[in-house]
Amino acid sequence: MIRFFLFQISVIVILNTVITAQTNAGYTAKIEGPTIIRDPVIGQTVDIGIFLDKVTEAKGGLITVHYDPLVVEFISFSPKNFIPGLLSLPDTPKTGDDGFSSVKGGGTQLGGTPAKGGGLFGVMSFKLKSKLTNESFISITEIQIQVSATDRDYINYPIGQFGLLLKPVFTNQILDLEV
């Protein structure tokens, strides 16, 4: 009887934690830096900085990126100073059935004061692998921040809405303009 009672209490506590795990509901994210790079060259590194704002408390986070692996190669995630002592957790890109790759970049704080307010969370870096003949979009599809393993908040974006556009430029010698 006592075990059953303790089990019910633990289930209530767990469910309450999951249901109320919205410490950072309403936080926002934006790209820190350009959102369009015109005429990038092969070998060029392109960085996507993620700035978070309206954060109540954060001890870690994760950025999910969707991209064309024929165009760019994932280099790294570099944590910045928003979450003090953020330990970066490496990820290996995975290619989906659509031919596009996804990779996660982020980390966790092992100790210290949780982040509050706003700041630069981290930078996702990619390298251009081939000459652009068409536009290519590096999409941020999800940003997660967490206070604990059971308290996570997410912002999800459709592919092509939030990220960095790589745009080829074709010069027209007759009219001396870029198209």
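A contact means heavy atoms within 4.5 Å. With that cut-off, glutamine 144 touches Tyr27, Gly60, Gly61, Leu62, Arg152, Asp153 and Tyr154, not counting residues up to four places away in sequence. Please keep in mind that this is a predicted model, where local features need pLDDT of at least 70, side-chain atom pairs count only at pLDDT 80 or more, and totals for chains, interfaces and linings use all residues. Residues are numbered from 1 along each chain as its sequence is written, and side-chain values use heavy atoms, with hydrogens and water left out.

**Two residues to look up**

- Glutamine 144 is placed in strand S10 (residues 136-148); strands (E, at least two residues) and helices (H or I, at least four) are DSSP runs, numbered from the N terminus.
- Is glutamine 144 buried or exposed? Glutamine 144 is buried, with a relative accessible area of 6%; buried means under 20%, exposed over 50% and partly exposed in between, using a 1.4 Å probe and protein chains only.
- Glycine 26 sits in the loop between helix H1 (2-19) and S1, and is exposed at a relative accessible area of 54%.
- The C-alpha atoms of glycine 26 and aspartate 53 are separated by 9.2 Å, and these residues lie 27 residues apart along the chain.

**Partners of strand S8**

- Strand S4 (residues 60-67) pairs with strand S8 (residues 101-109) in the antiparallel sense over 8 bridges; two strands pair if DSSP finds at least two bridges between them.
- Within S8, glycine 105 is the residue opposite isoleucine 63.
- Strand S6 (residues 86-88) also pairs antiparallel with S8, over 3 bridges, and serine 88 stands opposite glycine 107 in S8.
- Strand S7 (residues 94-95) runs antiparallel to S8 and is joined to S8 by 2 bridges, with serine 102 as the bridge partner of lysine 94.
- The hairpin of S7 and S8 has 5 residues between the strands, and glycine 99 there takes a positive phi near 90°.

**The open sheet**

- Four strands form an open sheet in the order S1-S3-S9-S5, with antiparallel pairing.
- Strand S1 (28-32) and strand S5 (72-79) stand at the edges with a single partner strand each, so one side of each is left without a neighbour in the sheet.
- Neighbouring strands of this sheet are turned by 25° against each other on average, direction ignored; the axes are lines fitted to C-alpha atoms, for helices over the stretch in contact, and angles run from 0 to 180 degrees between N-to-C directions.
- S1 pairs with strand S3 (residues 45-58) in the antiparallel sense over 5 bridges, and alanine 29 stands opposite leucine 52 in S3.
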